[in-house]
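Reader: Could you walk me through how to read a few features of a fold, with a worked case for each?

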Amino acid sequence: MECFASPLNCYFGSFCSAFPDTDGVFGSVGSFFDFCPSGGSFEANPPFVPELMSAMARHMEALLQAASQALSFVVVIPAWKNVAVWPQLHRCCSLATWTVSASSHVFCDGAQHQRMLRYRPSSYDTAIIFLQNADGLKTWPPSEDSRQALLQVNLRKPCTVFAAKAMSQGMASGAASVSEYEAQNRKRRKM
């Protein structure tokens, strides 16, 4: 289940969202900050707002300490090591951190419904951080095999799709830069 999503960008049938009153009919279980699982494995790709990411880290730490079952969070955030959330997540229960360079992956654009391309180049290196309690580590250990599978399915394959579509949309190369991507979107909005 996703800890931060909306009906327009969720992958799973149930998710946490900022607007449970309108998103509930689409599968929202409410705000992540009101979500209190005692076990399970969850993905969190929050908005990249430092204060919100810090609040997320505090909530996850409290949940991990109170959990009565295996509990795991896979957190996907920019690798901003100078932002308060970075040490918060690493002193909490961080068991593995994988960093992916900005040039080697793309993101599904949060405004994909308004864009000509579903994916966008990443503006930053991305950190994938595993937070788990002891039972979570036994149940879902981060391994090199899981790392490679995650990179292939969630990062490299979309990058290939993005490159092909970017070229078909007239971008100079399949490996479009962030500025090239934004220029194409500005041009499209003026039409």
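Reader: How much of the contact set with a separation of 6 or more comes from residues 24 or more positions apart?

Author: A contact means heavy atoms within 4.5 Å. In this protein, residues 24 or more positions apart account for 63% of the contacts with a separation of 6 or more. This is a predicted model, where local features need pLDDT of at least 70, side-chain atom pairs count only at pLDDT 80 or more, and totals for chains, interfaces and linings use all residues. Residues are numbered from 1 along each chain as its sequence is written, and side-chain values use heavy atoms, leaving out hydrogens and water.

Reader: How do strands β1 and β2 run, and how many bridges join them?

Author: Two strands pair if DSSP finds at least two bridges between them. Strands β1 (residues 40-44) and β2 (residues 71-78) run parallel, joined by five bridges. Ser41, for instance, has Ser72 as its bridge partner in β2. Between β1 and β2 the chain passes through helix α2 (residues 50-66), in a right-handed β-α-β crossover. Right-handed means that, with the strands pointing away from the viewer, the path from the first strand over the helix to the second runs clockwise.

Reader: Which residues of helix α3 are buried?

Author: Buried means under 20% relative accessible area (1.4 Å probe, protein chains only). In α3 (residues 85-92), these are Val85, Trp86, Gln88, Leu89 and Cys92. Seen down the axis of α3, they fall within an arc of 165°, taken from the directions from the helix axis to the C-beta atoms, so the buried residues line one face of the helix.

How values were computed
Buried means under 20% relative accessible area, exposed over 50%, partly exposed in between (1.4 Å probe, protein chains only). Helices (H or I, at least four residues) and strands (E, at least two) are DSSP runs, numbered from the N terminus.
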